[in-house]
Amino acid sequence: MSYAETKEVEAGLKFKSASGLLVETTGVSLNIESHDINVHEVVILEGVGEGNKYLYNLDSAEPI
């Protein structure tokens, strides 16, 4: 599945980011027109930055 092509993802999906962070989707998505991709907001679940939210290209993450 290409999340960069997916306009919306449901909240509550969990991933391990490329840097090893455990993150969960919030359900917020944004299209980056200049690159024709979609990014999705995630919240860090544990460790450094816990509770912080950021936009992320989920194609570089591993579903858990």
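User: Which residue in S2 is the bridge partner of lysine 14?

Analyst: This is a predicted model, where local features need pLDDT of at least 70, side-chain atom pairs count only at pLDDT 80 or more, and totals for chains, interfaces and linings use all residues. Residues are numbered from 1 along each chain as its sequence is written, and side-chain values use heavy atoms, with hydrogens and water left out. Strand S1 (residues 14-16) and strand S2 (residues 22-32) run antiparallel and are joined by 3 bridges. In S2, lysine 14 has as its bridge partner glutamate 24.

User: How many strands does the protein chain have?

Analyst: Helices (H or I, at least four residues) and strands (E, at least two) are DSSP runs, numbered from the N terminus. Read along the sequence, the chain gives the pattern β-β-β-β-β. Its helices come to 0, and its strands come to 5.

User: In what order do the strands lie in the open sheet?

Analyst: Two strands pair if DSSP finds at least two bridges between them. Here the pairing is antiparallel, and the order is S4-S3-S2-S1-S5.

User: Which are the edge strands?

Analyst: Return to the order S4-S3-S2-S1-S5. An edge strand pairs on one side only, and this holds for S4 (53-56) and S5 (62-63). S4 is joined to S3 by 4 bridges, with the two running antiparallel. The edge strands are therefore S4 and S5.

User: How many bridges join S2 to S3?

Analyst: Let's look at some of the places where these two strands meet. Leucine 30 has valine 39 in S3 as its bridge partner, and asparagine 31 stands opposite asparagine 38 in S3. S3 spans residues 37-44 and runs antiparallel to S2, and the number of bridges joining them is 7.

User: Which residue in S4 is the bridge partner of valine 42?

Analyst: You can follow valine 42 to two strands. The bridge partner of threonine 25 in S3 is valine 42. In S4, valine 42 has as its bridge partner tyrosine 54.

User: Which residue takes a positive phi near 95 degrees in the hairpin of S1 and S2?

Analyst: For context, the hairpin of S2 and S3 has 4 residues between the strands, and there aspartate 36 takes a positive phi near 50 degrees. The hairpin of S1 and S2 has 5 residues between the strands, and the residue with a positive phi near 95 degrees is glycine 20.

User: How many of the 8 residues of S3 are buried?

Analyst: Buried means under 20% relative accessible area, exposed over 50%, and partly exposed in between (1.4 Å probe, protein chains only). Of the 64 residues of the protein chain, 28% are buried. S3 is largely enclosed by the rest of the structure, because the number of its 8 residues that are buried is 7.

User: Is lysine 7 buried or exposed?

Analyst: Lysine 7 is found in the segment before S1. Contact means heavy atoms within 4.5 Å; leaving aside neighbours within four places in sequence, lysine 7 is in contact with Ser29, Asn38 and His40. Its relative accessible area is 67%, so lysine 7 is exposed.

User: What is the relative accessible area of glutamate 24?

Analyst: Glutamate 24 has its place in strand S2. Leaving aside neighbours within four places in sequence, its contacts include Lys14, Val42 and Leu45. Glutamate 24 is partly exposed, with a relative accessible area of 21%.

User: What radius of gyration does the protein chain have?

Analyst: The radius of gyration is taken over C-alpha atoms, and the globule rule is 2.2 Å times the number of residues to the power 0.38. The C-alpha atoms fill a box of roughly 30 × 20 × 20 Å, taken along the principal axes. The value for the chain agrees with that of a compact globule of 64 residues, because the rule gives a radius near 11 Å and the chain has 11 Å.

User: How far apart are the mean positions of the positive and negative charges?

Analyst: Lys and Arg count as positive and Asp and Glu as negative, while His and the chain ends are not counted. The place of a charge is taken as NZ of Lys, CZ of Arg, CG of Asp or CD of Glu. The protein chain has 4 positive and 11 negative charges, and the distance between their mean positions is 5 Å.
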